[in-house]
Amino acid sequence: MKTPKSLGFATRAIHAGQEPDPLTGAVTVPIYPTSTYVQQGIGEHKGYEYSRVSNPTRARLEENLAALEGGVAARVFASGMAAINAIVSMLQSGDHVVCGNDLYGGTPRLFNQVMANFGVEFTYVDTSDPAKVEGAIRKNTRMVYVETPTNPLMRLSDLTAIGAICRRKKIDLVVDNTFMSPYFQQPLSLGADMVVHSTTKFLNGHSDGLGGVVVCAHQEHADKLAFLQKAAGAILSPFECWLVLRGVKTLAARMEIHDRSGRIVADYLSKHKKVKAVFYPGLSDHPQHLLAKRQMSGFGSMITFETGSLKNANTMLKKVRVCSLGESLGGVETLISHPATMTHAALGPKGRKAIGITDGLVRISVGIEDVDDILDDLDQALNAI
Ligand SMILES: Cc1ncc(COP(=O)(O)O)c(C=O)c1O
C-alpha cells in the first residue's frame with residue numbers, strides 16, 4: 001500500500017517509498033547493486049532495463065523525497081552539484097538566469113566557469129529584495145535561482161513574493177533548500193517550481209555519503225531530469241540511495257534537536273564578548289526574523305558569526321575539540337568551517353568582499369551532541385582569541 005499524503009511528516013519520512021519489500025517483507029528497502037536486468041523477450045521486462053536509467057533502490061528514494069517536499073516526482077543525482085548541473089542543463093545557449101549573489105560558492109563556480117562557456121548568461125542580485133529580482137529579469141530569462149537562507153550569510157528571500165513574480169513572467173523558480181530541509185521549509189508550497197538539495201547534508205544527516213536531489217512541481221521538469229539522468233549519467237549509486245533512505249527516517253527527530261540546539265548556540269554567541277556579530281534567522285535582531293517566522297517552521301542549526309580577523313578565526317578553529325573543523329554541514333556531528341578559505345574560496349577576495357564575506361567569519365552547523373558540550377567547547381575556543 002502506498003503511503004497516503006495525509007500522513008504527518010515524520011510518518012512519511014519513515015514510510016513513503018519505504019514500504020516493506022513485497023518479495024520478503026523486509027522492513028528496509030533492499031539495495032539492488034545491479035547494472036542490468038534480465039528481459040523476458042524484446043521489449044518485455046519488469047520496468048527496469050539498465051541502472052543508469054532506473055534502479056529500484058533509487059526509485060524508492062525518489063518517491064520518498066517527492067513525498068517530503070510535496071512534489072510530483074524527484075530525481076536523485078551523484079552530488080548536490082550534479083543535481084544543480086542537471087537543472088541548468090535544461091537551459092539552452094542564449095538563456096538567462098537571475099541568481100542570488102550569496103549562494104554556496106560551488107554554484108556560481110559551475111555557472112560562471114562551466115555553463116557560461118555554453119552561452120548561458122547569469123546575473124547575480126540580492127534576492128532578499130524581490131524588486132531586485134524583478135529588475136534583473138530580461139526577455140531571455142528562463143529561471144530564477146535562489147538559496148534561502150543563504151550560505152553563509154543567512155539572508156532570506158521571500159519565496160511567495162518571488163514565486164508570484166516568476167509566475168507572472170512565466171519563468172521557473174528554483175530553490176536550494178539544503179539549509180532548512182523539507183522539515184522546516186517547503187518551497188513548492190510557496191510557489192517554487194523545483195527544489196534542489198545537497199542530500200549530503202541534513203537529508204542524509206550522517207556525513208557518510210554525497211548526493212543531490214531535484215524535486216519537481218511539474219511532471220514536465222521531472223521527465224526532462226529523468227532524460228538527463230539517462231543522457232548524462234550523474235546518478236546516485238544504489239548503496240548511497242539506501243544511505244539517504246536510512247538517514248531520512250530520522251530527519252524529523254534530528255531537525256528538532258538541530259533547531260533546539262541551534263537557538264541555544266546562537267543566543268550564547270550573540271552574548272559572547274569575543275563575537276562581533278551573529279547571523280541566525282532565529283535571533284530577534286536578524287533583519288528578516290519576521291519573514292523567517294512566516295516562511296519557515298523552524299530556524300535550523302546553521303549559524304555564522306564574526307570573530308574579527310583571519311587570525312582570530314584561525315586561533316579559535318584550532319582550539320575546538322567537540323566541534324570538527326571541516327567543510328560540509330547538516331551531519332549529526334557539529335561541523336565548523338571558515339567560508340573565506342573553504343566553501344567560498346572560489347569567489348576570490350573581490351567576490352567575497354562584494355557580498356560581505358570577511359576573513360573573520362566562521363560558520364557552524366550545530367549537531368545533535370549534548371548542547372552543553374558544544375557550548376563548553378566554543379567557550380574555551382573563543383576565549384583563546
Ligand atoms: C547550499 C548548498 N547547495 C549545494 C551544495 C553542493 O552539494 P554537494 O557538495 O553535495 O555537491 C552545497 C555544498 O556544500 C551547499 O551547501
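**View 1. The residue classes around the ligand.** In this predicted model, the shell around the ligand is made up of 7 polar, 4 nonpolar and 3 charged residues. Altogether 14 residues surround the ligand, and the closest are Gly80, Met81, Asp176, Ser198 and Thr200. Helix H3 (residues 80–88) supplies the largest share of this shell, with 3 residues.

View 2. Start with Asp176: an N or O atom in its side chain is 2.7 Å from a nitrogen atom of the ligand. Then look at Lys201, where a side-chain N or O atom is 3.0 Å from an oxygen atom of the ligand. For Asn151, the distance between a side-chain N or O atom and an oxygen atom of the ligand is 3.3 Å. On its own the ligand has 380 Å² of accessible area, and the protein covers 93% of that.

**View 3. Thr200 and its surroundings.** Thr200, one of the closest residues to the ligand, sits in the loop between strand E6 (194–198) and strand E7 (212–216). Its relative accessibility is 10%, below the 20% cut-off, so Thr200 counts as buried. The Thr200 side chain makes a polar contact with the side chain of Ser198 at 3.1 Å, and also reaches the backbone nitrogen of Gly211 at 3.1 Å. Leaving aside residues up to four places away in sequence, Thr200 touches Gly209, Leu210, Gly211, Ser328 and Leu329.

View 4. Helix H10 (residues 238–248) is mostly covered, with 8 of its 11 residues buried. The buried residues are Pro238, Cys241, Trp242, Leu243, Val244, Leu245, Gly247 and Val248.

View 5. Strand E12 (residues 361–365) is largely enclosed by the rest of the structure, because 5 of its 5 residues are buried. Both faces are covered: one side carries Leu361, Arg363 and Ser365, and the other Val362 and Ile364. Strand E9 (residues 302–306) runs antiparallel to E12 and is joined to it by 5 bridges; here Met302 has Ser365 as its bridge partner. Strand E11 (residues 335–337) also runs antiparallel to E12, joined by 3 bridges, and Ile336 stands opposite Ile364.

How values were computed
Residues are numbered from 1 along each chain as its sequence is written. This is a predicted model: local features need pLDDT of at least 70, side-chain atom pairs count only at pLDDT 80 or more; totals for chains, interfaces and linings use all residues. Side-chain values use heavy atoms; hydrogens and water are left out. A residue is near a molecule or strand if one of its heavy atoms lies within 4 Å of it. A polar contact is a pair of N or O atoms within 3.5 Å; within protein, one must be able to donate a hydrogen and the other to accept it, and residues adjacent in sequence count only if both atoms are side-chain atoms. Accessible areas come from the Shrake-Rupley method with a 1.4 Å probe; for residues, only the protein chains shown count as cover. Helices (H or I, at least four residues) and strands (E, at least two) are DSSP runs, numbered from the N terminus. Ala, Val, Leu, Ile, Met, Phe, Trp, Tyr, Cys and Pro count as nonpolar, Asp, Glu, Lys and Arg as charged, and the others, Gly among them, as polar. Buried means under 20% relative accessible area, exposed over 50%, partly exposed in between (1.4 Å probe, protein chains only). Contact means heavy atoms within 4.5 Å. Two strands pair if DSSP finds at least two bridges between them.
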